[in-house]
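Hi there,

Here is the structure I promised to pass on.

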Amino acid sequence: LERYLWTPLSASAGQADGRTYLGTLDLDSEVSHQVSASARWFGRRWEVRLTPFYNHVSDYIQGTPIGRLDNTGKPVLQFQNVSEAELYGAEGALQLALTTNLIFRTSASYVRGHNLENDDNLYRIAPFHGDVQLEYRLGGWQSRAEIEWAARQDETSAYNSEPETPGYALLHLETGYRFSRHFLALVGVKNIFDEHY
């Protein structure tokens with residue numbers, strides 16, 4: 001798509017962002033160098049994992065506005081190489097057995113993307129997000145409550161006119177019974193309070 005997508009068709013290149021994209025035949029391939037480390041600490045009833053990373057990308061590809069408008073009056077975005085970009089962040093998780101039947105889990109992920117060519121934020125980078133779970137097991141029965149959350153995203157790309165997004169939290173509930181090693185029946189409800197996100 002980045003090379004061969006063409007307009008005037010309204011083609012979003014899979015971005016689903018309401019923008020029209022145009023390919024570029026002579027794109028250079030991105031070159032990425034990443035450094036990461038993983039650490040794990042654990043005891044009899046607990047475990048903590050942490051993975052920080054740094055990623056430097058040369059010839060980063062992103063849609064950039066050109067002097068051509070789509071049928072809604074917005075500039076068409078053409079895939080171009082920008083000189084350099086960096087992404088850095090971390091993922092972490094914690095699991096704790098509160099009792100023999102009750103388990104607490106939480107995880108979180110943070111990524112920061114920066115276009116070094118124009119000192120802008122990278123486009124479509126997820127905000128700080130994660131989940132919190134409480135799981136109860138008794139015999140073959142198991143039930144779980146989960147809160148899935150995301151922080152406000154205000155580190156958006158001005159170059160791509162990316163809007164800021166508010167934070168949100170969703171509640172999910174499920175329960176089920178394990179009849180055998182290979183057969184588990186579950187019923188659940190996602191986004192119980194019908195929150196918009």
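Below are my notes on cores, surface, charges and rings.

First, the ground rules. This is a predicted model, in which local features need pLDDT of at least 70 and side-chain atom pairs count only at pLDDT 80 or more, while totals for chains, interfaces and linings use all residues. Residues are numbered from 1 along each chain as its sequence is written, and side-chain values use heavy atoms, with hydrogens and water left out.

The largest nonpolar core has 8 residues: Phe53, Val57, Tyr60, Val82, Ala85, Leu87, Leu122 and Ile125. By nonpolar core I mean a set of buried Ala, Val, Leu, Ile, Met, Phe, Trp, Tyr and Cys residues joined through side-chain atoms within 4.5 Å. Buried stands for under 20% relative accessible area, exposed for over 50%, and partly exposed for what lies in between (1.4 Å probe, protein chains only). Strand 4 and strand 5 each supply at least two residues of this core; strands here are DSSP runs of E, at least two residues long, numbered from the N terminus. There is also a second, separate core of 7 residues, with Leu5, Ile61, Phe79 and Tyr123 among them.

Ala85, from the largest core, is in contact with Asn55, His56, Val57, Tyr60, His114, Asn115, Leu116 and Leu122, leaving aside neighbours within four places in sequence. Contact means heavy atoms within 4.5 Å.

Apart from residues up to four places away in sequence, Ser157 touches Asp120, Asn121, Leu122, Tyr123 and Glu162. Leu122 is a member of the largest core, and Tyr123 belongs to the second one.

Trp41, Trp46, Leu50, Leu94, Leu96, Leu98 and Leu134 make a nonpolar surface patch of about 600 Å². Such a patch is made of residues with over 30% relative accessible area and no salt bridge, with nonpolar side chains (Val, Leu, Ile, Met, Phe, Trp, Tyr) joined within 5 Å; the areas come from the Shrake-Rupley method with a 1.4 Å probe. Strand 4 (46-69) and strand 5 (75-97) each give at least two residues to the patch. Leu98 lies in the loop between strand 5 and strand 6 and is partly exposed, at 42%.

Which residues does Phe104 touch? Not counting residues up to four places away in sequence, they are Leu94, Gln95, Leu96, Leu98, Val132, Gln133 and Leu134. Among these, Leu94, Leu96, Leu98 and Leu134 are part of the nonpolar patch. Phe104 lies in strand 6 (residues 102-115) and is partly exposed, with a relative accessible area of 22%.

On to charges. The structure holds 7 salt bridges, each being a side-chain nitrogen of Lys or Arg within 4 Å of a carboxyl oxygen of Asp or Glu. Arg40, Glu47 and Arg49 are linked in a network: Glu47 meets Arg40 at 2.6 Å, N to O, and Arg49 at 3.7 Å between the closest N and O atoms. Arg49 is partly exposed, at 44%. Another bridge joins Glu135 to Arg137, with the closest N and O atoms 2.4 Å apart. Here Glu135 is buried, at 5%, whereas Arg137 is partly exposed, at 39%.

Finally, the rings. A search of the whole structure finds 7 aromatic pairs, where rings of Phe, Tyr and Trp (its six-membered ring) pair if their centres lie within 6.5 Å, and planes under 30 degrees apart count as stacked, over 60 as edge-to-face and the rest as tilted. Tyr110 and Phe128 form an edge-to-face pair, 6.3 Å centre to centre with 70° between the planes. That pair links distant parts of the chain, 18 residues apart, with Tyr110 in strand 6 and Phe128 in the loop between strand 7 (120-121) and strand 8 (129-138). Tyr110 is partly exposed, at 30%, and Phe128 is partly exposed as well, at 38%.

The rings of Trp141 and Tyr177 have centres 5.0 Å apart and planes at 65°, so this pair is edge-to-face. Trp141 lies in strand 9 and Tyr177 in strand 10, so the pair ties together parts 36 residues apart in sequence. Trp141 is exposed, at 51%, and Tyr177 is partly exposed, at 28%. Together with Phe179 and Phe183, Trp141 and Tyr177 form one aromatic cluster.

Best wishes

Key. Helices (H or I, at least four residues) and strands (E, at least two) are DSSP runs, numbered from the N terminus. Patches are made of residues with over 30% relative accessible area and no salt bridge: like charges are joined within 9 Å, nonpolar side chains (Val, Leu, Ile, Met, Phe, Trp, Tyr) within 5 Å.
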